[in-house]
Amino acid sequence: MSRQARRVACALRTRGIEAETTVGICLPPSLDLLTCLLGVIEAGGAFVPIDQNWPAQRREAVLTASRVRLLISNEGFKASDAHPALLVTTPAELSAECSAGMSCPTSDAGLLAILFTSGTTARPKGVLLTSGGVTAQILKILQKCPYQDGDVNLLHRSFASVGFFREWLGPLFSGATLIVVPENEAKDPASLLSLATRHHVTQMSATPAMWDAVLDYVDRHPAEWASLRIGRVGADQVEDRLLSRWRQTFPGARLWNCYGCTECTSACTHDATGSGTVSDIDAAREGLPGNEGLHILDHRLRPVPAGRSGEIYLGGRGIARGYLESAANTALRFVPSPVAGEQGQRLLRTGDVGVLHSRHVLIIGRRDNRVKVRGFRVELEEIEAVLKAQPGVHDAAVVARSDKRNQTELVGFVVPTESALPPTSTTLRRALLDIMAEYQVPAHFSIIDALPRTALGKLDRASLSATSASEVPSVEADWSLSPFEISMKDIWCDVLRVKHVAAQDSFFDIGGNSIAAMQMLCKVCDMFGVTLSFACIFDYPTLRDFARVAYNAVATKEA
């Protein structure tokens with residue numbers, strides 16, 4: 001792979017790629033993807049990950065903002081009219097251009113990648129990661145959680161997320177085996193479990209929601225995954241219930257709880273559960289051991305004493321350069337360190353509010369309207385801006401709530417225009433999916449007469465969060481359901497927290513997502529004793545079609 005990457009680097013250099021030049025990469029998880037990422041680094045350029053599953057408008061926004069000169073993608077990818085000068089090539093074309101490889105030295109301050117996250121406007125926000133910052137952070141992580149001889153890591157996360165760096169570069173730095181999960185299996189816990197047992201996977205990272213779903217499947221197939229040595233969980237708060245389940249299912253494995261963000265190049269600090277005692281579980285839930293790069297400061301940037309709350313600031317060499325073409329946001333979030341011994345260094349304002357408890361930090365809230373949904377960072381204002389631009393919408397707001405598994409879901413409140421019929425949830429959801437990533441789209445929509453306001457005229461999010469959300473109907477109710485369809489409807493209503501589902505309702509049009517699909521399939525297995533594939537709900541998304549497939553599976557089993 002290294003030789004192939006250097007041939008890619010040679011071809012990129014002949015095409016004018018050099019330091020600070022951006023190269024877009026839009027490829028599925030594969031050896032070609034890893035080779036091209038390394039090739040861009042070897043050429044001295046900076047890569048811009050573009051997820052193939054992003055809506056077209058988001059891909060266009062990222063290409064425009066990052067000023068990509070060259071895009072590496074599959075056969076058949078066409079540049080849009082908005083980017084007539086964009087050069088598009090394939091991994092095979094680059095590899096064939098140079099028979100000899102090359103590698104260009106890069107400075108620690110050199111730009112390595114631009115990763116895009118949710119922004120407060122309707123456009124994604126680019127984070128500038130440096131070569132030295134990424135390298136320092138990966139080495140720091142490997143010191144805390146090293147790979148051993150024979151370790152096998154399962155790589156299933158999107159390469160557009162910052163956690164991908166740890167899962168990709170960590171094994172390569174250490175000589176461990178890396179299993180790249182195909183795109184169609186990355187969100188399927190049954191497929192992940194099958195790959196993990198077949199390849200004797202010893203390490204894997206996942207969000208709390210994904211671990212929860214994986215544990216559901218492991219519980220139904222006990223003793224299959226005996227090789228797991230270390231699990232890593234991050235990108236969202238870890239609940240006691242998940243940790244207790246982990247200990248029961250994997251009593252011999254360690255669970256690392258990771259905390260960090262894109263601006264600090266993946267996880268900045270870690271904590272591990274030990275023998276599963278109450279104190280160990282509490283430590284993992286709170287999540288942050290004492291760390292030289294983590295500080296809790298007040299509004300004047302002074303350290304707060306133990307037991308007092310303050311904002312969490314992160315430091316160290318892994319801190320990003322700043323935000324792409326946003327000097328004001330960079331100055332606001334990246335501040336000179338006031339800590340003794342850190343003169344000349346910068347700290348990142350995370351927006352998380354924490355309290356020092358013993359040698360751990362308990363995160364108790366946010367200073368802004370940013371939330372985490374299934375491990376992804378979401379700015380509520382970005383979703384609201386897109387909602388307000390939809391036909392028939394006069395005003396809109398989005399709040400985050402916890403579902404019955406204590407996982408975060410989004411609820412959209414819409415004030416319709418007086419001269420138009422209220423938009424349906426299906427219309428709103430499909431419009432947002434054309435612009436935003438799936439995890440940014442609210443699970444539920446509710447029509448209200450007016451948004452609650454404070455005495456100063458600002459949106460009263462606290463009152464809105466307490467408002468009962470009555471789901472906007474997607475289609476007219478269908479009372480012609482069969483007994484089996486009614487049983488399936490009850491499962492869907494329970495998982496999606498909706499009151500009604502019609503025969504032609506699509507699972508994903510009424511609030512479903514990949515995590516909800518996993519939960520629904522597990523309930524189907526429990527009720528009917530059949531295991532349906534993860535792809536089944538995508539191939540047959542309506543209630544009637546999915547119920548027919550499930551009924552046939554039950555009939556085949558009983559026969």
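Just after helix 1, G16 adopts a positive phi of about 95°. The structure is a predicted model, in which local features need pLDDT of at least 70 and side-chain atom pairs count only at pLDDT 80 or more, while totals for chains, interfaces and linings use all residues. Residues are numbered from 1 along each chain as its sequence is written, and side-chain values use heavy atoms, with hydrogens and water left out.

The protein chain contains 18 helices and 24 strands; helices (H or I, at least four residues) and strands (E, at least two) are DSSP runs, numbered from the N terminus. Of its 559 residues, 56% count as buried, where buried means under 20% relative accessible area, exposed over 50% and partly exposed in between (1.4 Å probe, protein chains only). Among contacts (heavy atoms within 4.5 Å) between residues at least 6 apart in sequence, 67% join residues at least 24 apart.

Helix 1 covers residues 2–14, and its 13 residues should span 18 Å at 1.5 Å a residue; the end C-alpha atoms lie 19 Å apart, which agrees. The expected span is 1.5 Å times one less than the number of residues. In helix 1 the buried residues are A5, V8, A9, C10, A11 and L12. These buried residues pack against helix 2 (31–43), strand 3 (70–73) and helix 4 (91–97).

Helix 15 (residues 483–496) packs on helix 16 (residues 514–528) at an angle of about 140°, the axes being 10 Å apart. The arrangement is therefore oblique, given that angles under 35 degrees count as roughly parallel, over 145 as roughly antiparallel, 65 to 115 as roughly perpendicular and the rest as oblique. Axes are lines fitted to C-alpha atoms, for helices over the stretch in contact, and angles run from 0 to 180 degrees between N-to-C directions. The crossing of helix 15 with helix 16 is right-handed: a crossing is right-handed if the near helix is turned clockwise from the far one by less than a right angle, and left-handed if anticlockwise. Helix 15 contributes F484, S487, M488, I491, W492, D494, V495 and L496 to the contact, and helix 16 contributes A516, Q519, M520, K523, V524, M527 and F528. By class, this contact has 11 nonpolar, two polar and two charged residues. Ala, Val, Leu, Ile, Met, Phe, Trp, Tyr, Cys and Pro count as nonpolar, Asp, Glu, Lys and Arg as charged, and the others, Gly among them, as polar.

Helix 16 also packs with helix 18 (residues 543–558), their axes coming within 12 Å and crossing at roughly 35°. This crossing is right-handed. From helix 16, M520, L521, V524 and F528 meet F546, V554 and K557 of helix 18. The contact comprises six nonpolar, no polar and one charged residue.
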